[in-house]
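Reader: Could we go through this one together, a piece at a time?

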Amino acid sequence: AIDLIDKYSDEADPFMIQLNFHGPHFPNIVPEPYFSLYDPATIEPWPNFDDSLAGKPAVQSIKKRHWQTDVMNWSDWQPLVSAYFGEVTLIDAQVGRVLNHLDATRLAENTLVIWTTDHGDTMGAHGICNKDYTMYEEIYRVPLIMRWPGIIPENARSNHFVHHFLDLCATIVEVAGGDTGAQTHGRSLMPVFAGKVGDDWPQEAYCEFHGSHMGLYSMRLLRDRRYSYVYHPNDIDEFYDHESDPHQLRNLAEDPGAAGAALKDMKRRMVLWMAATDDHIHNEWTALWLTGDADLAKQAPGRRNKNW
């Protein structure tokens with residue numbers, strides 16, 4: 001990346017460099033001194049490490065068996081987490097080299113830096129390995145740090161929902177002087193930088209999972225300020241209250257008394273979102289099952305209309 005900066009900074013045109021790291025991601029093969037930076041014995045267990053997964057979709061327990069983490073104690077996880085932390089620090093150090101080079105070449109003042117990742121990792125949270133077949137905060141709430149002197153105020157923080165790559169794509173296209181038109185569901189973050197976010201900015205985030213190397217599996221997540229709802233087409237759903245249960249230990253989806261009207265509202269919003277994005281699992285049966293609304297079911301693809 002540093003070599004590319006030197007190569008393109010002499011040209012008149014703007015340039016973009018995307019620097020990707022494999023990690024932090026297992027198997028977390030980390031060189032010294034980073035491998036030994038963190039003493040495994042000092043790493044405390046995550047607050048949700050001992051999650052029994054009772055009352056949760058069966059796929060979570062099955063994945064623990066697939067990865068053989070169902071027989072692992074926290075002492076088994078500690079050296080893995082230590083190596084993970086070491087790789088995080090290794091990557092931080094390398095990114096620091098790039099940022100220092102931008103400073104040295106006087107490009108920092110005219111460069112938008114975006115620091116993020118494609119997904120998180122449970123790394124033992126809920127006793128689970130990796131990121132597949134679950135939609136917990138550890139996986140879907142990912143870091144996003146951005147720097148653009150003169151455009152993004154220094155030390156500013158934003159609590160607006162970002163649809164990650166969708167919104168980053170729209171942002172980069174606008175910065176480059178392009179027009180996304182109707183080609184993306186995302187929206188540029190430029191209004192966020194300027195502190196001029198309109199009332200139409202999303203108050204929630206929607207996420208999709210379609211399966212991985214272990215096979216097809218559909219899940220959908222709706223996360224707002226307080227709750228998260230996960231729709232499982234072929235298992236029980238998940239519903240968490242992040243105010244009373246920040247570590248997502250208690251699934252309220254099967255407890256109407258505890259979930260209240262919020263769960264019903266989120267199911268309806270989920271159906272409306274699936275309809276708006278032409279989700280392939282949106283159909284009359286999904287709409288009726290989640291909302292009980294016959295009119296929404298009639299509007300969805302299915303045998304009751306010609307949209308199938």
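**A lysine and its helix**

Reader: What is Lys63 in contact with, leaving aside its neighbours within four places in sequence?
Author: With those neighbours left out, Lys63 is in contact with Tyr133 and Met214, contact meaning heavy atoms within 4.5 Å. This is a predicted model, in which local features need pLDDT of at least 70 and side-chain atom pairs count only at pLDDT 80 or more, while totals for chains, interfaces and linings use all residues. Residues are numbered from 1 along each chain as its sequence is written, and side-chain values use heavy atoms, leaving out hydrogens and water.

Reader: Which residues of H2 are buried?
Author: In helix H2, residues 58–67, they are Val59, Gln60, Lys63 and Lys64; buried is under 20% relative accessible area, exposed over 50% and partly exposed in between, with a 1.4 Å probe and protein chains only. Helices (H or I, at least four residues) and strands (E, at least two) are DSSP runs, numbered from the N terminus.

Reader: And what do the buried residues of H2 pack against?
Author: They pack against strand E4 (215–224) and strand E6 (238–241).

Reader: Back to Lys63, how far away is the nearest side chain of opposite charge?
Author: That side chain, Asp132, is 7.2 Å away, and Lys63, though buried, has no salt bridge; this would need a side-chain nitrogen of Lys or Arg within 4 Å of a carboxyl oxygen of Asp or Glu. Lys and Arg count as positive and Asp and Glu as negative, with His and the chain ends not counted.
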